[in-house]
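User: I've got this entry loaded and would like to go through a few of its local details with you. Shall we take them one at a time?

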Amino acid sequence: MNIQKILLRFGPKAENLLAALREIQKENGYIGEKESKQVAEYFGISEAQAYSAASFYDLLETGKPVKKIIRVCSGGVCVSERSLEIIRQVERMLHIELDNDAHPKYKLETMSCVGRCDRGPVMEIDGKIFEGVRVEMVGEILKDYI
Amino acid sequence: MKIITRHWGKINPLKIDSYIRQRGYEALQKAVREMDPKSVIDEVKKSGLRGRGGAGFPTGEKWEIAAREKSPEKYFICNLDESEPGTYKDRLIAEKNPHQVIEGLLIGAYAVGAKKAYIYINGRYAEQAEVLQIALDQAREKEFVGSGILGSAADVEISIHQGAGAYICGEETALLNSIEGKRGEPRLKPLFPPVSGLFGKPTIVNNAETLANLPYIIRHGAQNYAEIGSKTSPGTKLFLLHGAVKNPGFFEAPLGIGLRELIFAKEYGGGMKSGKEFWFAQAGGASGRLVPSGKLDQVLTYDNCEYPLGSGSVLVVDKTEDIKDYLFSWADFFHRESCGKCVPCREGTYRLWEIAKRIRNGDIRERDRENVEDILWTLGNTTFCPLGKFASVAWSDAMKMFPDKIFK
Ligand SMILES: Cc1cc2nc3c(=O)[nH]c(=O)nc-3n(C[C@H](O)[C@H](O)[C@H](O)COP(=O)(O)O)c2cc1C
Ligand code: SF4
C-alpha cells in the first residue's frame, strides 16, 4: 500500500493528522512503525507523536491484525438485552474465552457502546456491525467467519 | 412542546430546502442581519440555556468569556463525540435534522467571533458524518457558511472532524488535543478552553443538543424559551429510555419532569414491561447514579440535584436481573476507556475490572469489601479528570444498596 499517496490527499497540518491516520487504517489495515515514520515525515512531527496518536484510538490498529476479532457490546443497555449471554454462546461455539489470546484464529472481546442502543444487542466481527443479536442467531452469524 | 424533535420525520435531512420551508435558517438571518454579537449573547444568557453535554453549564455565560478575549483567532466546536453508554441522542440530532445543529453552530460562532468551527463527531458515526457533510455543502451553497454570511461581515468556516473511538475525547480538553493530532488526553484546567483552547486560542465547546436549541431561542426570543421547562433549567431535553419499560426509545420532554413520570407516563415509558417489577434506574449512562424506587419523585434538572441527569439516558432495571452483570458492565467500560494519563484512574479502573470478574465468579468475600471501597474512594477523589470519578459512581451506589448481592 502506498502510504505516501494516501498522505498527499491531506494538507500537512496538525488538524488533519487523525483524518490521515483513519484513511491509512482503512486502506492499509493498520498503522505500524513504518507507517508512523512516513506520517511523521509528512506532517513534520516526531515519530513518537505519530505513533502515540495512532496507538491511542480503538479504531486504529498499530499492527497487522492476525486474528478475527469478535466483539460484543458490554454496555448497560446491551447487558439488559442479554449481551453477556451472547458472549457465553460465542465462547461455547468457538471454544474460546473472553479476552483470552490463546486461540490462533479468533479473539473474543467486549466493546464500548457504539450508540445503537435502540437496535441492540450489538456485536462486531472484523469491523462489521450486527444489530439486534439474539443467542439463537450467533451460530448463523459466525458461520460466515469460520 | 417540541424544540429539538419538532421537524423530525417531516423534513428530508438531505435537502436544505426542506428545512428552510420550516423557517430554518431564519434565526441565522436574524442574528447576522439584525443583531450584533453582543445582543445574541445577551439573548442566550436571558434564555437560561444550559449545556446539554452533562454538566449543565450556562451557555451564554460561557460564550461571554470567549467573546471578551481579544484574540483575533477563536474557535467554536460542536461536541458530537457522544460515547456515554446508553446515549444516542446526538446521533439522532445529526441524522434527523443536521441543519438545526449547523444553524446553532453558526449562531454561536458569530456570537463569540469565531471564524473557524468544527463538528467533532464520534468515529463510529460514519453515516451521520456523511449526512452532516451533505448538509454543510448545501449550506455553503446558500451562503450560510463561508465568508460574508448572507451578505453580512460574518465569516464562519465549518469542518467535520471524525474521532477514532475513544470515550475520553468527549471531554472537551481531550477533544482539543485530538483535533490537534495528539493523544486524546485531557489537559489541566484552568486555563479553561474559552480562554485558551484549540491551538491555545479562545475556544467554545458545546454539545450538539445545546446548539440545536439556538435557532428556537433566537427566533422566538429568550422570554419564550425561559418559560419552557423548569425555572432554573429551562427548555426541553431529549431523554432515552432503556430496559424493562414498555416503550423504550427517545422522548423530548420539558426539563424538570419527574423520573417517575418519564418511566411510567403513557406518552413516555408507559410503565414497566408486563411481569417486570422495578428494581432501580440508572440515570446518565454508565457514569450515572442508581435511583431506588423510593427516589423516583426526583425531578430531572441541572441544579445540584441528588441524581444528576447527565446525558439524559435512563436505564430501568427490574428485579430479575443480576447486579453482578452491571458491575462488570460499568467496570469493563471504564477500564477500557481510561486514557491512562493518571495513575489512580489507570490502575483503579483496571483493578475494579478484575474485581468485577471475580465478583461474577463468586470469588469476592465480605472481607474484601474495605479494599473495594478504598479503590472507589481513590477513583472518586484523586483522578486528573472526571472520568475516574464517573467510574466510581454506580459502583459506590450498588455497594451501599445491595451489599448482600455482591459479596458472599
Ligand atoms: C469523560 C467525559 C466525557 C464527556 N463526553 C462528552 C460527550 O460525549 N459529549 C459532550 O457533549 N460532552 C461530553 N463531556 C462534557 C464536555 O467536557 C463539555 O463539558 C461539554 O461538551 C460542554 O458542552 P455544553 O456546555 O453544551 O454542555 C464529557 C466530559 C467528560 C469528563
Ligand atoms: S481520570 Fe482517567 S481518563 Fe481522566 S486523565 Fe486520568 S487516566 Fe485519563
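Predicted model: local features only at pLDDT ≥ 70, side-chain atom pairs only at ≥ 80, totals over all residues.

User: Which residue's ring has the charged end of Arg360(B) sitting over it?
Analyst: Residues are numbered from 1 along each chain as its sequence is written, chains are lettered from A and ligands numbered from 1 in the order written, and side-chain values use heavy atoms, with hydrogens and water left out. A charge sits over a ring if NZ of Lys or CZ of Arg is within 6 Å of the ring centre and within 35 degrees of the ring normal. The charged end of Arg360(B) is 5.1 Å from the centre, and the ring is that of Phe328(B).

User: Is the pair of Tyr167(B) and Phe334(B) stacked or edge-to-face?
Analyst: Rings of Phe, Tyr and Trp (its six-membered ring) pair if their centres lie within 6.5 Å, and planes under 30 degrees apart are stacked, over 60 edge-to-face and the rest tilted. The structure holds 19 aromatic pairs over all chains. For Tyr167(B) and Phe334(B) the centres are 6.3 Å apart and the planes are at 70°, so the pair is edge-to-face.

User: How many residues apart in sequence are the parts that this pair ties together?
Analyst: Helices (DSSP H or I, at least four residues) and strands (E, at least two) are runs numbered from the N terminus. Tyr167(B) lies in the loop between strand 3 (157-162) and helix 8 (172-179) of chain B, while Phe334(B) lies in helix 13 (residues 323-337) of chain B. The pair therefore ties together parts whose separation in residues is 167.

User: What is the relative accessible area of Phe334(B)?
Analyst: Buried means under 20% relative accessible area, exposed over 50% and partly exposed in between, using a 1.4 Å probe and protein chains only. Tyr167(B) is buried at 10%. Phe334(B) is buried too, and its value is 1%.

User: Which residues do ring pairs link into a cluster?
Analyst: One member, Tyr25(B), is buried at 0% relative accessibility. The cluster consists of Tyr19(B), Tyr25(B) and Phe144(B).

User: What is the phi of Tyr25(B), and where does this residue lie?
Analyst: Most residues other than glycine have a negative phi. Arg23(B), partly exposed at 46% relative accessibility, has a positive phi of about 70° and lies in the loop between helix 1 (16-20) and helix 2 (26-34) of chain B. Tyr25(B) is in the loop between helix 1 and helix 2 of chain B, with a positive phi of about 65°.

User: What is omega for the cis peptide bond between Gly120(A) and Pro121(A)?
Analyst: Most peptide bonds are trans. Pro121(A) lies in the loop between strand 2 (106-111) and strand 3 (123-125) of chain A, and Gly120(A) is buried at 11% relative accessibility. Over in chain B, a cis bond joins Pro190(B) and Leu191(B), with omega about 10°. For Gly120(A) and Pro121(A), omega is about -10°.

User: Which residues of helix 5 of chain B are buried?
Analyst: Six of the eight residues of helix 5 (residues 89-96) are buried, so the helix is largely enclosed by the rest of the structure. They are Lys89(B), Asp90(B), Arg91(B), Leu92(B), Ile93(B) and Ala94(B).

User: Which residues are closest to ligand 2?
Analyst: Ligand 2 sits in the second largest cavity, where a cavity is a set of points on a 1 Å grid over the protein atoms alone at which a 1.4 Å probe fits but cannot get out, and sitting there takes more than half of the molecule's atoms within 2 Å of the grid points. Its shell (a heavy atom within 4 Å) has eight nonpolar, four polar and one charged residues, with Ala, Val, Leu, Ile, Met, Phe, Trp, Tyr, Cys and Pro as nonpolar, Asp, Glu, Lys and Arg as charged, and the others, Gly among them, as polar. Of the 13 surrounding residues, the closest are Cys339(B), Lys341(B), Cys342(B), Cys345(B) and Cys385(B).

Definitions and conventions:
1 Å grid on protein atoms, 1.4 Å probe; cavity = no way out; pocket = protein on both sides within 12 Å on 5 of 7 lines; lining within 4 Å.
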